[in-house]
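Reader: I am new to reading protein models. Could we go through one together, feature by feature?

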Amino acid sequence: MPNRPDIKGSAVLLGIILSWSTAPLFIHQFFREGITIWDQNFWRFAWLLVWLWLTVWLRFRKKGFLPLFSGRLWLLGLISALPNLGGQIFYPWSVYFAEPGMMSLLQKQYIIWAVLLGVLFHREERRLFQNKIFWIGLFCAVSGSLGVILFQQKGGFHAQILGILFVTIGAISWAGYALGIRLITRSADPLVSYTVVTTYSIIGLLVLSFCLGKPLSLIHQTGRIHFLILVSTLFNLYLPHMGLYWVIQRMGVMVTQTALLGTAFFTAIFSWLIFSEQLTAGQWCSGVILVLGAGLTLFAQERLHAVPEPELV
């Protein structure tokens, strides 16, 4: 039946939402354990890279997987890896200076930056400026972001200003990564593309860890810390990405990206339960407006792609 709900796809999408909702919580816990952002980033992505290459080999070994990694793919992967590296640095770093729930809400502004970068680099995207839904979504997202920042408890802004700055830089970086990965996946398998991007990213993370952190110090950490790093890699990085492209193929980009906006609220709830983080009523309302605005922007972009661009005479 054509209108039958996709239960399997919805279940996997819910799993991805819950997995990504816990990522800021793991980062915050590593901070409490005294592990620098540089070291936890390097070790998590080192494990991720091992699992990705193993997955690629298992999936394509019969056909031969080396021809999939063309020179053009490695070039495009480098373009995507640079903003990805920025996002992987600044967003986790923001959680070291502010609470996970608030940072997760503010991170959703990346949707707006992604659309604005699309408008900058793609002529056909500029038709969004003629769409009222886009402007409503943009207004809601911007005002919601400001509300999440301004409606903090007394004194919160000055205490968390670095976190706010870093999460904004991270959101812009991830918007650039989304633009790059959109280009690279047009001609390459998503799993192979992500493996290439991660391979480049781990080089940057390795250099940063040895220059600014103490990566070898994790060898002397307790078994519990090593277990948390493995769990974070598995549930915050590997499994969500394995399921993401599969869900997009079944349910479409619009449905998937809109549903993923809900991760911010799950993170806020989990952070309240685990770390006793309390958002004000104004921040909750602003967060809803922010996510609603991002959703409207995605909807406007989806409608734009559904309507062919008029021919120029």
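Author: Gladly! We begin with a term: contact means heavy atoms within 4.5 Å. Helices (H or I, at least four residues) and strands (E, at least two) are DSSP runs, numbered from the N terminus. Now the case here: Tyr177, Ile181 and Ile184 in H9 meet Ser193, Tyr194 and Val197 in H10. By class, this contact of H9 with H10 has 5 nonpolar, 1 polar and no charged residues. For the classes, Ala, Val, Leu, Ile, Met, Phe, Trp, Tyr, Cys and Pro count as nonpolar, Asp, Glu, Lys and Arg as charged, and the others, Gly among them, as polar.

Reader: What kind of model is this, and how are residues numbered?

Author: This is a predicted model, in which local features need pLDDT of at least 70 and side-chain atom pairs count only at pLDDT 80 or more, while totals for chains, interfaces and linings use all residues. Residues are numbered from 1 along each chain as its sequence is written, and side-chain values use heavy atoms, with hydrogens and water left out.

Reader: How many helices and strands does the protein have?

Author: There are 14 helices and 0 strands. Along the principal axes, the C-alpha atoms fill a box of roughly 65 × 60 × 40 Å.

Reader: At what angle do the axes of H9 and H10 cross?

Author: Axes are lines fitted to C-alpha atoms, for helices over the stretch in contact, and angles run from 0 to 180 degrees between N-to-C directions. Angles under 35 degrees count as roughly parallel, over 145 as roughly antiparallel, 65 to 115 as roughly perpendicular and the rest as oblique. The axes of H9 (residues 161–184) and H10 (residues 190–212) come within 10 Å and cross at roughly 135°. That makes H9 oblique to H10.

Reader: Which residues make the contact between H1 and H13?

Author: Start with the axes of H1 and H13, which come within 8 Å and cross at roughly 50°. On the H1 side, the contact is made by Ile17, Leu18, Trp20 and Ser21, and on the H13 side by Thr263, Phe266, Thr267 and Phe270. By class, that gives 5 nonpolar, 3 polar and no charged residues.

Reader: Why is H2 described as largely enclosed?

Author: Buried means under 20% relative accessible area, exposed over 50%, partly exposed in between (1.4 Å probe, protein chains only). In H2 (residues 23–32), 7 of the 10 residues are buried, so this helix is largely enclosed by the rest of the structure. The buried residues of H2 pack against several helices, including H1, H3 and H4. After H2 comes Gly34, with a positive phi near 85°.

Reader: Is Ser276 buried or exposed?

Author: Ser276 is exposed, with a relative accessible area of 53%. Ser276 lies in the loop between H13 and H14, and its phi is near 65°, a positive value in a residue other than glycine.

Reader: And where is Met102 found?

Author: Met102 is in helix H5 and counts as buried at 2% relative accessibility.
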